[in-house]
Amino acid sequence: MTRFRALCAAVVLVGASGQVLADTASHNASAETFLMMAHADKLGTPVYMQVQQMFAQRFQQTKAPASKQALLETYQAKANAALDQAIGWPKLKPDMVKLYTDNFSEQELKDLVKFYQSPLGKKVLEKMPSVTQQSAQLTQEKLESAVPVVNKLLADMTNELDPSAKAVAPGSSPAPAPTKKP
């Protein structure tokens with residue numbers, strides 16, 4: 001009788017694990033569909049462009065002759081290959097799928113896909129990169145006015161905690177040292 005129970009338990013476990021694997025595969029497929037729709041495979045494009053621009057600027061800074069253009073292109077290709085090894089879509093995709101399956105249920109991913117297939121969803125996909133960039137720029141501009149204040153507060157706190165440290169806020173000059181009288 002004990003063998004029969006063990007056999008039944010094994011059958012149930014095998015059946016359940018098969019269902020879990022099927023559910024995982026389906027969940028992963030939903031995440032992949034969403035990621036492709038959201039153009040996640042293009043996330044690294046700005047980095048590639050920035051690196052290409054860095055090489056082009058360095059090329060100009062060195063005042064290299066036009067005859068050396070092929071050298072620039074060779075190094076840009078090598079940089080692209082290095083980036084592909086680090087952040088190319090085949091490298092990112094498994095981690096991105098896991099990120100999305102860890103944070104969204106399969107049904108939520110299917111709902112996101114459905115939304116992004118709608119006219120409003122398509123507009124969001126089209127406009128969001130620009131809106132996000134503009135939002136970051138606005139935040140950066142507003143932040144600039146707070147930097148000196150935050151730096152002064154940091155220096156003030158440091159001085160209160162350790163008066164002998166004489167912390168100076170970045171961007172300001174230290175007070176002159178007291179002169180000793182003979």
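Select glutamate 32 and lysine 93: their side chains form a salt bridge, with N and O 3.2 Å apart. A salt bridge here is a side-chain nitrogen of Lys or Arg within 4 Å of a carboxyl oxygen of Asp or Glu. Glutamate 32 belongs to helix α1 and lysine 93 to helix α4, so the pair ties together parts that are 61 residues apart in sequence. Glutamate 32 is partly exposed, at 31% relative accessible area, and lysine 93 is also partly exposed, at 29%. Buried means under 20% relative accessible area, exposed over 50%, and partly exposed in between (1.4 Å probe, protein chains only).

Before going on, note that this is a predicted model, in which local features need pLDDT of at least 70 and side-chain atom pairs count only at pLDDT 80 or more, while totals for chains, interfaces and linings use all residues. Residues are numbered from 1 along each chain as its sequence is written, and side-chain values use heavy atoms, with hydrogens and water left out.

**The whole chain**

Now show the whole protein as a cartoon. It has six helices and zero strands. Helices (H or I, at least four residues) and strands (E, at least two) are DSSP runs, numbered from the N terminus. Of the 182 residues, 15% count as buried. Among contacts with a separation of 6 or more, 62% are between residues 24 or more positions apart; contact means heavy atoms within 4.5 Å.

Switch to a surface view. The accessible surface comes to about 14,300 Å², and 63% of this belongs to carbon and sulfur atoms. These areas come from the Shrake-Rupley method with a 1.4 Å probe; for residues, only the protein chains shown count as cover.

**Glutamate 106**

Next, select glutamate 106, in helix α5 (residues 106-117). Is glutamate 106 buried or exposed? Its relative accessibility is 19%, so glutamate 106 counts as buried. Apart from neighbours within four places in sequence, glutamate 106 is in contact with Asp23, Ser26, His27 and Ser30.

The side chains of glutamate 106 and lysine 110 meet in a salt bridge of 3.4 Å, N to O. The two are four residues apart in helix α5, which means about one helical turn separates them. Lysine 110 is partly exposed, with a relative accessible area of 42%.

**Lysine 152 and aspartate 156**

Move to helix α6. Lysine 152 forms a salt bridge with aspartate 156, and their closest N and O atoms are 2.9 Å apart. This pair too is four residues apart, so about one helical turn lies between lysine 152 and aspartate 156. Lysine 152 is partly exposed at 46%, as is aspartate 156 at 28%. How many salt bridges does a search of the whole structure find? The search finds five.

**The largest pocket**

Finally, select Ala38, His39, Leu43, Met128 and Pro129, which lie nearest the centre of the largest pocket, among 19 lining residues. On a 1 Å grid over the protein atoms alone, a pocket is an open set of points where a 1.4 Å probe fits, with protein on both sides within 12 Å along at least five of seven lines; lining residues have an atom within 4 Å of a point.

Helices α1 (2-37), α2 (45-61), α4 (89-103) and α6 (119-161) each give two or more residues to this lining. The most come from α6, with seven. By type, the lining has 14 nonpolar residues, four polar and one charged. Ala, Val, Leu, Ile, Met, Phe, Trp, Tyr, Cys and Pro count as nonpolar, Asp, Glu, Lys and Arg as charged, and the others, Gly among them, as polar.
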